[in-house]
Amino acid sequence: MWQTLREELKDKGFELVTVGLDTLGVEGCKAFIDAANPQHPSLIDQHHAMADLFGVVNIPSSIWIDEDGMIVRPAEAAPAPPKPGLEGAGGSNMQVPSDIPDRLKQMMTEAAKIPKPGSQTAYHEALRDWVEKGADSEFVMSPEKAIERSRPRDETTALGHAHFELATELEMRGNHDLAIKHFQKAHELVPDSWTFRRQAWSLEKMGDGPLARFWQGPNPENPEAWPYEGDWLEDIKREGAENYSEGFTP
Amino acid sequence: MLLSTLEISKAEFEAGTGWQLKPEGACKGDVCIPIPNADGDTVDVSAAAKAMNLPLAEEPEAQLWAMGPESIGGRALMTAKAPELSLPDVDGKMFNLSSLKGKKVLVYAWAPY
């Protein structure tokens, strides 16, 4: 419930900007944005400029920028504030329905293992502290520290970003096969980006239902047709759900 | 940044890369890198990319190139000065992050998949 937090802080010189990372653009994001009815700038990022500019490799993640346009916290995991009345309700309390395909059941089981840190509230308390105290907040980083805390990037990963941009552009032009080729290259060169992977997997839709983009893996009836090395379930099992999201480090 | 030709205007280069072109070269933050013909009207993208160590990926079948971000310093951020972020909203209206100067801003990345 970011909007509730935004509402609380907006009169203290704070603004929230949400950015939906999706090559499908309005088509992919609109239903979610309409449902949220945002009062803040709500943007759509088809090429994942957030990855190039800020080093975003997973969602949800956030960046703090101060009044002078300085980054005081680089991209880091940013849990959504708890819904009012649901404090403490984490993924692990979720009931997995029994009448869904086995793959989705397994995915939900893995997703429930992703830590919903006790530090979840710590992140939002830190945000309140910054909005209140500004540069005196203990959570503000020096420029040197903000740079050092941003994601590692070398020539190889930078090239991976270029291939990802080719892929998103080719996908937008309707050239799905060529897009796959460059998504594959991006995955190979930037193996730690979940967003680069999930974006590509989500474009291999499974049926037309509301879960079509969440399947993110081979069709059991034709697994050979899956174009990617990994898939959501395989990768999260390999990397460990507990490592999916980094906790909050002040 | 996406390119359909490797000879582009100075303005396109600046908007696409976030680097400013000055007589001494391409500049961002405290860093200036000499590039060939830096004070010309157009930029030879291959030469600039080589000089600045920016990656250039190509898709010959679509006559399309993408120039990736810099990796100077080995980090996603080479300066803590926030880059300009220009993106459309759901109605296609462009928004510039720099328009929020004077406020504290939290930029939140999410995805519908």
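## Where the two chains meet

Two residues count as being in contact here if their C-beta atoms, placed from the backbone, lie within 7 Å. On that basis, in this predicted model, the contact between the chains draws on 74 residues of chain A and 46 residues of chain B. Helix α7 of chain A (residues 155–172) gives the largest share of chain A's side, eleven residues. By type, the side of chain A that touches chain B splits into 41 nonpolar, 17 polar and 16 charged residues.

Strands take part as well. Strand β1 of chain A (residues 14–21) runs parallel to strand β11 of chain B (residues 104–110), and seven bridges join the pair. If you want a spot to look at, G20(A) sits opposite W110(B) in that chain B strand.

One open sheet of chain B has three strands in the order β1-β8-β7, with antiparallel pairing. The edges are β1 (2–3) and β7 (56–59) of chain B; each has a single partner strand, so one side of each has no neighbour in the sheet. Between β1(B) and strand β8 (residues 64–67) of chain B there are two bridges, and L2(B) faces A66(B) in β8(B). Helix α7(A) packs on this sheet, touching β1, β7 and β8 of chain B, and its direction makes about 30° with that of β7(B).

L178(A) also reaches across to chain B. This residue belongs to helix α8 of chain A. Leaving aside residues up to four places away in sequence, L178(A) touches L170(A), E59(B), E61(B) and A62(B).

Three bridges hold the antiparallel pairing of β3(B) with strand β4 (residues 25–28) of chain B. Within that pairing, K22(B) stands opposite G25(B).

## Inside chain A

The domain assignment gives chain A two parts: domain 1 (2–87 + 115–149) and domain 2 (155–243). Their centres, taken over C-alpha atoms, are 25 Å apart. Twelve residues from domain 1 of chain A and 13 residues from domain 2 of chain A make up the contact between them. On the domain 1 side, that comes down to six nonpolar, five polar and one charged.

Helix α9 (residues 194–202) has eight of its nine residues buried, so the rest of the structure largely encloses it. Among the buried ones are F196(A), R197(A), R198(A) and W201(A). Their cover includes β1, α3 (49–54), α7, α8 (176–189) and α10 (232–239) of chain A.

Just after α2(A), N37(A) takes a positive phi of about 45°.

Note on methods:
Residues numbered from 1 in each chain as written. Chains lettered and ligands numbered in written order. Predicted model: local features only at pLDDT ≥ 70, side-chain atom pairs only at ≥ 80, totals over all residues. Helix = DSSP H or I, 4+ residues; strand = E, 2+ residues; numbered from the N terminus. Nonpolar A, V, L, I, M, F, W, Y, C, P; charged D, E, K, R; others polar. Pairing = 2+ DSSP bridges. Domains from an automatic or database assignment. Buried ≥ 20, exposed ≤ 12 C-beta atoms within 10 Å, placed from the backbone. Axes fitted to C-alpha atoms, helices over the stretch in contact; angles between N-to-C directions.
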